[in-house]
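Welcome, and thanks for taking a look at this one with us. Please have the sequence and the 3D view open side by side as you read.

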Amino acid sequence: MSDRPVALITGASSGIGETFARQLAARGYDLLLVARRADRLEQIARTLPVDVRTLAADLVTEQGLALVESAIRDSPRLELLVNNAGFGTLGYFWKADVGGQDHMHRLHVLATVRLTHAALGPMVDRNRGAVINVSSVAAFSTNPGNASYCSTKAWMNNFTEGLAIELRAARSAVRVQALCPGFTLTEFHDTLGVDRGGIPAWLWMKPADIVAASLRGLDQGRIIVVPGLAYKAVVAFLTHLPPYLRRHLKRPFRDKRT
Ligand SMILES: NC(=O)c1ccc[n+]([C@@H]2O[C@H](COP(=O)([O-])OP(=O)(O)OC[C@H]3O[C@@H](n4cnc5c(N)ncnc54)[C@H](OP(=O)(O)O)[C@@H]3O)[C@@H](O)[C@H]2O)c1
């Protein structure tokens, strides 16, 4: 049996989650990979040079959450949890299918609460470990057609900062981070059905750069990580904008359904 640290990554079947798996394997972590597409997880696992366990779980269901919570409880070497699984929707909130809005809150908020709770207690007891919550620059603004996405990602940032404050109060060495990417070249926009052509090429980042910034930020103990100079500038602008002006910002790509 290996004595390497273990990282559990949700949404590891593509994009940012798959990239976390590759970069964490290179850093010497064994892996627990979670997503709904078991075949994709197994394909990825075969290409990694460390011990990998795959868990097919739908994290919007109680059954899926319970399965992953139990895997966390059975992993005494768990040193990193990456709450990454997520998706976007299109359209005004009241026109959008309520099922999609419900699932988004379950995945971005409730799954993050449940898995973080399962992981954090044992990490605090051992006084080592970390949780990365994959949020978005969308956490810093609200725009039409994005009410649930922006608000669930804003919740993620707030939750992460709250945990950081509690961990510091408890003098714990356990770290937490909210990772806030901008537009990233993954399957996210294909699943959403948005044409990438509507977004300027220079705004797109590679998942490898997002994950490298996150892991560097973790080494430095950064709580909010915004990869890329352009997005750091966007976030600095948004956080200094009075709320009444922030509310008038338009969504930065054409959304035919809103
Ligand atoms: N791409 C961007 O521009 C961007 C920007 C900012 C933030 N983000 C955030 O980055 C995170 C990762 O997204 P990505 O860009 O890498 O997109 P992606 O390639 O579409 O990956 C999303 C991952 O989430 C998993 N997932 C979705 N629903 C799930 C469910 N119900 N249960 C378990 N797993 C589920 C998917 O796997 P299965 O389909 O196999 O379940 C997939 O592995 C998300 O939280 C997203 O909000 C993305």
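This is a predicted model: local features need pLDDT of at least 70, side-chain atom pairs count only at pLDDT 80 or more; totals for chains, interfaces and linings use all residues.

The largest nonpolar core holds 61 residues, and 29 residues surround the ligand.

**Nonpolar core**

- Within the largest nonpolar core, the residues that touch the most other members are Ile-9, Leu-31 and Leu-33.
- Helix H4, spanning residues 98–126, supplies the largest share of this core, with 8 residues.
- Beyond its neighbours within four places in sequence, Ile-9 is in contact with Gly-17, Phe-20, Ala-21, Leu-31, Leu-33, Val-34, Val-82 and Asn-84.

**Around the ligand**

- The closest residues to the ligand are Gly-11, Gly-15, Arg-36, Arg-37 and Gly-86.
- Two or more residues of the shell come from each of helix H1 (15–26) and helix H6 (188–192).
- H1 is the element that gives the most to this shell, with 3 residues.
- Sorted by class, the shell has 12 nonpolar, 12 polar and 5 charged residues.

**Helices H4 and H5**

- H4 packs with helix H5 (residues 147–169) at an angle of about 5°, and the two axes are 10 Å apart.
- Because angles under 35 degrees count as roughly parallel, H4 is roughly parallel to H5.
- On the H4 side, the contact is made by Gln-101, Met-104, His-105, His-108, Val-109 and Thr-112.
- H5 contributes Ser-148, Tyr-149, Thr-152, Lys-153, Trp-155, Met-156 and Phe-159 to the contact.
- The residues of this contact of H4 with H5 comprise 6 nonpolar, 6 polar and 1 charged.

Key: Residues are numbered from 1 along each chain as its sequence is written. A nonpolar core is a set of buried Ala, Val, Leu, Ile, Met, Phe, Trp, Tyr and Cys residues joined through C-beta atoms within 7 Å. A residue is buried if 20 or more other C-beta atoms lie within 10 Å of its own, exposed if 12 or fewer, and partly exposed in between; C-beta atoms are placed from the backbone. Helices (H or I, at least four residues) and strands (E, at least two) are DSSP runs, numbered from the N terminus. Two residues are in contact if their C-beta atoms, placed from the backbone, lie within 7 Å. A residue is near a molecule or strand if its C-beta atom, placed from the backbone, lies within 6 Å of it. Ala, Val, Leu, Ile, Met, Phe, Trp, Tyr, Cys and Pro count as nonpolar, Asp, Glu, Lys and Arg as charged, and the others, Gly among them, as polar. Axes are lines fitted to C-alpha atoms, for helices over the stretch in contact, and angles run from 0 to 180 degrees between N-to-C directions. Angles under 35 degrees count as roughly parallel, over 145 as roughly antiparallel, 65 to 115 as roughly perpendicular and the rest as oblique.
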